Amino acid sequence: MTDATPQPERPRIPLTQLGRGQRARLDAGCMSGLPEHDQCLLRAMGVHEHCELRVCKPGEPCIIQVERTKVGLSGPVANQLLVTPCDDTGAC
């Protein structure tokens with residue numbers, strides 16, 4: 001018999017609250033507040049809803065890595081992107 005205790009939901013926070021080396025998953029719908037042009041550019045660079053990312057450099061610009069691609073984001077854009085941080089085991 002397995003324990004069916006629900007796991008607590010991890011908080012959604014702005015990308016700008018993560019530190020160097022932290023990993024997270026981009027939340028669904030968080031890009032909807034950005035202009036369509038910005039959404040298209042981010043998707044073209046591999047940044048899409050549910051993608052896993054790692055912070056290479058917090059601040060301005062915020063540099064993240066998605067798969068093998070590093071992307072520089074302005075502070076205002078990074079602040080609008082909500083993420084769910086990965087836990088200590090690496091699960092996002």
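The model is predicted: local features need pLDDT of at least 70, side-chain atom pairs count only at pLDDT 80 or more, and totals for chains, interfaces and linings use all residues. Residues are numbered from 1 along each chain as its sequence is written, and side-chain values use heavy atoms, with hydrogens and water left out.

**Overall fold**

The protein chain contains two helices and six strands, where helices (H or I, at least four residues) and strands (E, at least two) are DSSP runs numbered from the N terminus. Along the sequence these elements follow the pattern β-β-α-β-β-β-α-β. Of the 92 residues, 33% count as buried; buried means under 20% relative accessible area, exposed over 50%, and partly exposed in between (1.4 Å probe, protein chains only). Among contacts (heavy atoms within 4.5 Å) with a separation of 6 or more, 62% involve residues 24 or more positions apart.

Strand β4 comprises residues 62–66; Cys62, Ile64 and Val66 form its covered face, and Ile63 and Gln65 the uncovered one. In a regular strand the side chains alternate between the two faces of the sheet.

β4 runs antiparallel to β3 and also antiparallel to β5. Two strands pair if DSSP finds at least two bridges between them. The table sets out both pairings.

| Pairing | Partner strand | Bridges | Residues between strands | Positive phi |
|---|---|---|---|---|
| β3 and β4 | β3, residues 52–57 | three bridges | four residues | glycine 59, near 105° |
| β4 and β5 | β5, residues 69–73 | five bridges | two residues | glutamate 67, about 55° |

**Valine 77 in helix α2**

Valine 77 lies in helix α2, which spans residues 75–80. Valine 77 counts as buried because its relative accessible area is 17%. Leaving aside neighbours within four places in sequence, valine 77 is in contact with Leu34 and Leu42. The C-alpha atoms of valine 77 and aspartate 38 are separated by 8.8 Å, although these residues are 39 apart along the chain.
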